[in-house]
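Here's a quick tour of one protein model. Have a look at it first, then we'll go through its helices, its sheet and its ligand.

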Amino acid sequence: MRVTIFGATGLLGKALMREWQGDELTGLGSRDVDIRSEEQVRASILHRPDWVILAAAYTDVDGCETNRELAFDVNCRGAVNVVRAAAEANARVIFLSTDYVFDGTKNRPYEIDDPLAPQSVYGQTKAAAEVEIRKILPEVCILRTSWVFGVGGKCFPETILTLANTRKELDVVNDQRGCPTYTIDLARIIIQLCRKGAHGTVHATNSGECTWFDFAREIVNSARLKTQVRPTTSDQFVRPAKRPAYSVLSPASLQRYALVVPTWQDALQRYLAERGSLSG
Ligand SMILES: NC(=O)c1ccc[n+]([C@@H]2O[C@H](COP(=O)([O-])OP(=O)(O)OC[C@H]3O[C@@H](n4cnc5c(N)ncnc54)[C@H](OP(=O)(O)O)[C@@H]3O)[C@@H](O)[C@H]2O)c1
């Protein structure tokens, strides 16, 4: 199988490049191809891959609020360029989307066919991309995930561990509930989904759910740090982009492919071990 990964230099992309064995991989970062350019995208898949993994995106959720045009250019128009070129090359596609396409007003896990109602520009760009790429390639696999963490880039556990080294107390919001997702586990799911010929919308995260406060406390405790983690509210910690209060994604669509993902607590332990092995 020939596979081309857009976004191979990102947090998830690095895990995909590491985990994927036994197939012919091409990994592309923004220096290799700017997905906003139709010509560059077409030229990058002239070798006619069987699968295209579209993990390239402008992922700065707060930055998207002030750079709306850039956010739509990369996340929506760029995605359309990639999916159109992939369709012309007869390649199948997995497109990475987000829990932020939902408004967060539910209190039960979001199913794949729940209505999209993004609250942020980032969520809007991803929701718009989902709609547009499905028109081009109806059998596209839209893979929504959430709260991605892993080694090799900026992520929540990295931020918490850095802060915990210099602060006695940390205030973390306790009124946003979702599920963390370890890049290694997500990469393994993506590989399996390709092998199983996935299509349609799929939700994939680690299992379980928590608030950012729960997550931070588990990170600090697991790393045996003394910092006290205190719960706060989104009102006390205002950010440019509105986040959903509840964005747990139902695993039902993944179970259709007989795929089970470890708990986020288990994933966190493996992340800390991986991070430790890299620094020591
Ligand atoms: N991180 C999360 O919490 C989260 C949650 C839900 C969904 N997702 C989705 O999962 C996917 C992977 O996320 P991630 O956290 O791995 O992202 P990331 O670490 O920010 O990496 C983004 C990737 O996109 C590439 N890229 C950015 N602009 C580009 C452009 N104009 N043309 C070509 N490539 C471009 C970057 O290339 P360079 O590094 O070479 O510039 C990088 O490889 C994204 O689609 C994201 O929306 C992420």
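Let's start with two helices: the axes of α1 and α7 (residues 183–195) come within 8 Å and cross at roughly 60°. Axes here are lines fitted to C-alpha atoms, for helices over the stretch in contact, and angles run from 0 to 180 degrees between N-to-C directions. Keep in mind that this is a predicted model: local features need pLDDT of at least 70, side-chain atom pairs count only at pLDDT 80 or more, and totals for chains, interfaces and linings use all residues. Residues are numbered from 1 along each chain as its sequence is written.

**The helix pair**
- The angle makes α1 oblique to α7 (under 35 degrees is roughly parallel, over 145 roughly antiparallel, 65 to 115 roughly perpendicular, and the rest oblique).
- On the α1 side, the contact is made by L11, L12, A15, L16 and E19 (contact means C-beta atoms, placed from the backbone, within 7 Å).
- On the α7 side, the residues include I184, L186 and R188.

**The sheet**
- Six strands form an open sheet in the order β2-β1-β3-β4-β5-β10, with parallel pairing (two strands pair if DSSP finds at least two bridges between them).
- β2 (24–28) and β10 (200–203) stand at the edges with a single partner strand each, so one side of each has no neighbour in the sheet.
- Four bridges join β5 (residues 141–145) to β10, and R144 stands opposite H203 in β10.

**The ligand**
- The ligand is surrounded by 28 residues, and the closest are G10, G29, S30, A57 and V148 (near means a C-beta atom, placed from the backbone, within 6 Å).
- α1 gives the largest share of this shell, three residues.

Notes: Contact = placed C-beta atoms within 7 Å.
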